[in-house]
Amino acid sequence: MNSTPDLIVALDFDSADAARRLVDTLEPGSCRLKVGKALFTRAGPTLVEGWVRDGWDVFLDLKFHDIPNTVAGACRAAADLGVWMVNVHALGGPAMLAAARAAIDEGGAHRPLLTAVTVLTSHDQASLDAVGLQGTPAEAVTRLTGLAVAAGLDGVVCSGQEAARVRAQTGEAFRRVTPGVRPRGSAADDQRRILTPTDAMRAGATDLVVGRPITNAADPARAVESIANEMAVTMQAAADR
Ligand SMILES: O=c1ccn([C@@H]2O[C@H](COP(=O)(O)O)[C@@H](O)[C@H]2O)c(=O)[nH]1
């Protein structure tokens, strides 16, 4: 653990109001926000722009995967929203990744981080086999990370279980954004490759994405605080060693 990993709260709420209720209890700087397909489809760019204006780092998690020209346009639109990070699917392949990179680099003044989803954390070996992706999830993550590195992306989205492997492959500066994070005792839900916040940090995750353990909690703000505390304790323990 070379630097403090960041907590990214996945705002997978059914309405803008529910998302705002949680965000209004948090402080920019204490965590980052992730807006995914469900909330974006409901509430759209206005919600994102508002949070950006309020000083939030917003990860726009729309996982673009289309022909290169379309993905380039989507990346330009994301950059214009002022988001902190945007992502694409590495499965889109080298030309699509290069188009995304070029779109961000040639865009306006704002240049968000660009990351690529490798193997969704909801996949296990059986579901990879079913879609015909070769090898184990870890091997597929390595292969797709290679594409992301070759296209000059800023990092990948992988599970905590592959974070150490990605770090060994790419070096420290390349981001390892890890969903599938579950505090001890939380339900795995549809996630298959999970780790606790502490284990994900020890494995080398740079950004921990947590959704339902927060959004389904009786007190979401308290759940954020509890995960942030676990992360701080883990950081301190690593520093003391
Ligand atoms: O491989 C991936 C990529 C993205 N996600 C997204 O992260 C959150 C996780 O939410 P939880 O409720 O903590 O499971 C969600 O928004 C996913 O779309 C992912 O889970 N896995």
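Me: In this predicted model, which strand holds Asp61?
Reply: The model is predicted. The strand in question covers residues 58–64. Asp61 has its place in strand E3.

Me: Is Asp61 buried or exposed?
Reply: A residue is buried if 20 or more other C-beta atoms lie within 10 Å of its own. Asp61 has 25 C-beta neighbours inside 10 Å, so Asp61 counts as buried.

Me: Which residues does Asp61 touch, not counting residues up to four places away in sequence?
Reply: Sequence neighbours up to four places away are set aside here. The residues that Asp61 then touches are Lys34, Val35, Gly36 and Asn87.

Me: Does Lys63 count as buried, exposed or partly exposed, and what is the count of C-beta neighbours?
Reply: Lys63 lies in strand E3. Buried needs 20 or more other C-beta atoms within 10 Å, and exposed needs 12 or fewer. With 19 C-beta neighbours inside 10 Å, Lys63 therefore counts as partly exposed.

Me: Which residues does the UniProt annotation "active site" cover?
Reply: The annotation comes from an unreviewed UniProt entry. Lys63 is in contact with Asn87, Val88, His89 and Val117, leaving aside neighbours within four places in sequence. The annotated residues are Asp61, Lys63 and Asp66.

Me: At what angle do helix H1 and helix H2 pack?
Reply: H1 covers residues 16–23 and H2 covers residues 37–53. Their axes are 10 Å apart, and the angle is about 40 degrees. That makes H1 oblique to H2.

Me: How many residues surround the ligand?
Reply: The closest are Ala10, Thr121, Pro179, Gly211 and Arg212. By class, the shell has 7 nonpolar, 5 polar and 4 charged residues. The number of residues around the ligand is 16.

Notes
Residues numbered from 1 in each chain as written. Predicted model: local features only at pLDDT ≥ 70, side-chain atom pairs only at ≥ 80, totals over all residues. Axes fitted to C-alpha atoms, helices over the stretch in contact; angles between N-to-C directions. Helix = DSSP H or I, 4+ residues; strand = E, 2+ residues; numbered from the N terminus. Parallel < 35°, antiparallel > 145°, perpendicular 65-115°, else oblique. Near = placed C-beta within 6 Å. Nonpolar A, V, L, I, M, F, W, Y, C, P; charged D, E, K, R; others polar. UniProt positions renumbered as here; feature names shortened; annotations may be inferred. Contact = placed C-beta atoms within 7 Å.
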